[in-house]
Amino acid sequence: MNDADRIHALQELSTTHLSDAMDRLGIPGQCYGIMPLDRSFRLAGRAFTLRYGPVGQDPGSVGDFIDDVGPGQIVVIDNSGRTDATIWGDLLTSTAARRGVGGTVIDGVCRDTDRIHELRYPVYSRGHWMRTGKDRVRLESIGTPVSIGGVRVEQDDFLRGDGDGLVAIPAARIDEVLEAAFEIHTAEERIRALVEAGSGLREARAQHGYHKLQTRKR
């Protein structure tokens, strides 16, 4: 399976199926508290990671990284969960949308949300507030591991976001996660079909092992 096939497969699966699959495989990938600004936003792609820190005697800068992000990549920003200073706004949204970037994930907040909604550019974050991060935070690193909602995300890991939140999947585990998620998805669809045909939910669940679909296999 190539990357295009993997991205397409992610787009066909919900975060709930992927979350259950990662539970089964013992992979911590559910990014707690990171939600879409609009429930209709969707994203799927590989991570382009950035880590921010507070300014010191050398204030540094918030960086001009966006020109280096490729089409379809997901900008993944670790701002330590800060909600008092933004590191994503109007100009970044406009540039990212024009370049075909796949979306932005922030452990922190963004601003200029009108532009985000106008361009239908997917942003997942802890919320939004207007105060700039300039002279408050500085770009510390690009392409290094980051923490998003308590989950370690490395450069080129896979991300999937929908109305229920965001999951991050280690690149080395993507194929087995997809396989398990499709198995769970198929079982739930079969349960739904049985119920719609008149079966009781208890019977339908028992027939397809519902209660152990996500249980970790040892």
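Tutor: Arginine 131 counts as partly exposed, its relative accessibility being 31%. Here buried means under 20% relative accessible area, exposed over 50%, and partly exposed in between, with a 1.4 Å probe and protein chains only. This is a predicted model, in which local features need pLDDT of at least 70 and side-chain atom pairs count only at pLDDT 80 or more, while totals for chains, interfaces and linings use all residues. Residues are numbered from 1 along each chain as its sequence is written, and side-chain values use heavy atoms, with hydrogens and water left out.

The partner of arginine 131 is aspartate 84: their side chains meet in a salt bridge, 3.6 Å from N to O. The two residues connect distant parts of the chain, 47 residues apart, with arginine 131 in the loop between S5 and S6 and aspartate 84 in the loop between S3 and H3. These labels denote DSSP runs numbered from the N terminus, helices (H or I) having at least four residues and strands (E) at least two. Aspartate 84 is partly exposed, at 28% relative accessibility. A salt bridge is a side-chain nitrogen of Lys or Arg within 4 Å of a carboxyl oxygen of Asp or Glu. Side chains of opposite charge can pair when their charged atoms come close.

By this rule the count comes to 15 salt bridges. One of them joins the side chains of aspartate 58 and arginine 138, at 3.8 Å from N to O. This pair also spans distant parts of the chain, 80 residues apart: aspartate 58 lies in the loop between S2 and strand S3 (74-82), and arginine 138 in strand S6 (residues 137-142). Both ends are partly exposed, aspartate 58 at 49% relative accessibility and arginine 138 with a relative accessible area of 22%.

A further salt bridge is formed by arginine 115 and aspartate 90, whose closest N and O atoms are 2.9 Å apart. It links helix H4, which holds arginine 115, to helix H3, which holds aspartate 90, and the two residues are 25 residues apart. Arginine 115 is partly exposed at 27% relative accessibility, and aspartate 90 is partly exposed at 24%.

Salt bridges also occur as a network, which links Asp3, Arg6, Arg46 and Asp175. Of this group, arginine 6 belongs to helix H1 (residues 3-12). Arginine 6 is buried, with a relative accessible area of 15%. Leaving aside its neighbours within four places in sequence, arginine 6 is in contact (heavy atoms within 4.5 Å) with Met1, Phe158, Ile174, Asp175 and Leu178.

Helix H1 is also one of the elements against which the buried residues of H2 pack, together with S9, strand S10 (165-169) and helix H5 (174-196). The buried residues of helix H2 (residues 15-25) are Thr15, His17, Leu18, Ser19, Ala21, Met22 and Arg24. After H2 comes glycine 26, with a positive phi near 75°.

Two residues other than glycine have a positive phi as well. Arginine 120, with a phi of about 55°, sits in the loop between helix H4 (113-119) and strand S5 (123-125). Arginine 120 is partly exposed, with a relative accessible area of 42%. Aspartate 156, with a phi near 75°, sits in the loop between strand S8 (151-153) and strand S9 (158-162). Aspartate 156 is partly exposed, with a relative accessible area of 31%.

The largest nonpolar core has 36 residues, of which Phe65, Trp88 and Val105 touch the most other members. Strand S2 (residues 43-54) contributes the most to this core, with five residues. Apart from it lies another core, of 20 residues, including Ala9, Leu10, Ala21 and Leu213. Such a core is a set of buried Ala, Val, Leu, Ile, Met, Phe, Trp, Tyr and Cys residues joined through side-chain atoms within 4.5 Å. In soluble globular proteins, nonpolar side chains tend to be buried together.
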